[in-house]
Amino acid sequence: MGLPSGIHSGFARKSKCNQPAALPMQHADVSRKVGICSRKSLRTPGQPTRHHLKVHMSGQWKPSVTVAAIVEHEGRYLLVEELTTDGIKFNQPAGHLDPGESPVTGAIREAREESAWELDPVGLLGIYMSRYRSSRTGEDVTYLRFAFACRALHEHVGQALDDGIIRAHWLTYEEVKACEDNHRSPLVMRCIEDHRAWKRRERPLTPLDQVYTHESVIDGPQ
């Protein structure tokens, strides 16, 4: 399966990943809002203070749950170029888990919305955590990412991409590595390294049936 003309192989002429781009004013609010940021300290005696951790209205800290699709085809990885509050960044197709969906269906949805590609998840690559602070807003969020190894099926040619997504790219490992300073998070490279290890048979995937979602998530509590 070759790469269709609608998806860029390598970097587009206007995408210079080694030159971080400033965020235009009209795109200053394109990233998703991810809860409530509080300056309240969440610590017990003897623990260091954690400044600016995101706290829900209940006062209990919780991470933001995200899903991501890790896709490789003929030595190239599917990444999206997107506008964020910190400028133009590169990421796997990924986003927040929506109410009423399982992590697997969430990863399929995010990939379709952000890259216009239909994917087939083959296993859970891993569960990852990272912490992020926006250089513009100061917002401090911890992300919990469910990353799925996926197989590319077909592209929805002509489909409009999600808000904030500039374009999708198929990049070589070397191109992804060269752009590391402009990754959305350190998990982008870590997931690709783990995917490469799986392809070398150095680590297994977790079967999808072990990522269990109770029917109450979809149907609602009884």
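These are my notebook entries on what I looked up in this predicted model.

**Ground rules.** I number residues from 1 along each chain as its sequence is written, and I leave hydrogens and water out, with side-chain values using heavy atoms. For local features I need pLDDT of at least 70, and side-chain atom pairs count only at pLDDT 80 or more, while totals for chains, interfaces and linings use all residues.

**Helix 1.** I began with helix 1, residues 103-115. My helices are DSSP runs of H or I with at least four residues, my strands are runs of E with at least two, and both are numbered from the N terminus. Helix 1 has 13 residues and reaches 18 Å from its first C-alpha to its last. That is close to the 18 Å expected at 1.5 Å a residue; the expected span is 1.5 Å times one less than the number of residues.

I then listed its buried residues. Buried means under 20% relative accessible area, exposed over 50%, and partly exposed in between, with a 1.4 Å probe and protein chains only. The buried residues of helix 1 are Pro-103, Val-104, Gly-106, Ala-107, Arg-109, Glu-110, Ala-111, Glu-114 and Ser-115. They pack against several strands, among them strand 2 (64-73), strand 3 (76-84) and strand 6 (117-133). Just after the helix, Ala-116 takes a positive phi of about 70°.

**The core.** Next I looked for nonpolar cores. Such a core is a set of buried Ala, Val, Leu, Ile, Met, Phe, Trp, Tyr and Cys residues joined through side-chain atoms within 4.5 Å. The largest has 20 residues, and Val-71, Leu-119 and Phe-148 have the most contacts inside it. Strand 2, strand 3, helix 1, strand 6, strand 7 and strand 8 each give two or more residues to this core. Strand 7 gives the most, with 5 residues.

I followed up Leu-119. Contact here means heavy atoms within 4.5 Å. Leaving aside neighbours within four places in sequence, Leu-119 is in contact with Ala-69, Val-71, Ile-108, Ala-111, Cys-150, Arg-151, Ala-152 and Leu-153.

**Gln-92.** Is this loop residue, Gln-92, buried or exposed? I found Gln-92 in the loop between strand 4 (87-91) and strand 5. Gln-92 counts as buried because its relative accessibility is 1%. Its side chain makes a polar contact of 3.0 Å with the side chain of Arg-145. A polar contact is a pair of N or O atoms within 3.5 Å; within protein, one must be able to donate a hydrogen and the other to accept it, and residues adjacent in sequence count only if both atoms are side-chain atoms. A polar atom of the Gln-92 side chain also lies 3.0 Å from the backbone oxygen of Val-188. Not counting residues up to four places away, Gln-92 touches others including Leu-78, Glu-114 and Cys-191.

**Cysteines.** I searched the whole structure and got 0 disulfides, taking a disulfide as a pair of cysteine sulfur atoms within 2.5 Å. Cys-179 is buried at 1% relative accessible area. Cys-191 is buried too, at 0%.

**Exposed loops.** Glu-74 sits between strand 2 and strand 3, with phi near 50°. Glu-74 is exposed because its relative accessible area is 60%. Arg-201 lies between helix 3 (187-199) and helix 4 (215-219). Its phi is near 65°, a positive value in a residue other than glycine, and Arg-201 is exposed at 79%.

My last stop was Val-157, in the loop between strand 7 (140-155) and strand 8 (165-172). Val-157 is exposed at 71%. Val-157 and Trp-117 are 40 residues apart in sequence and 8.6 Å apart in space, C-alpha to C-alpha.
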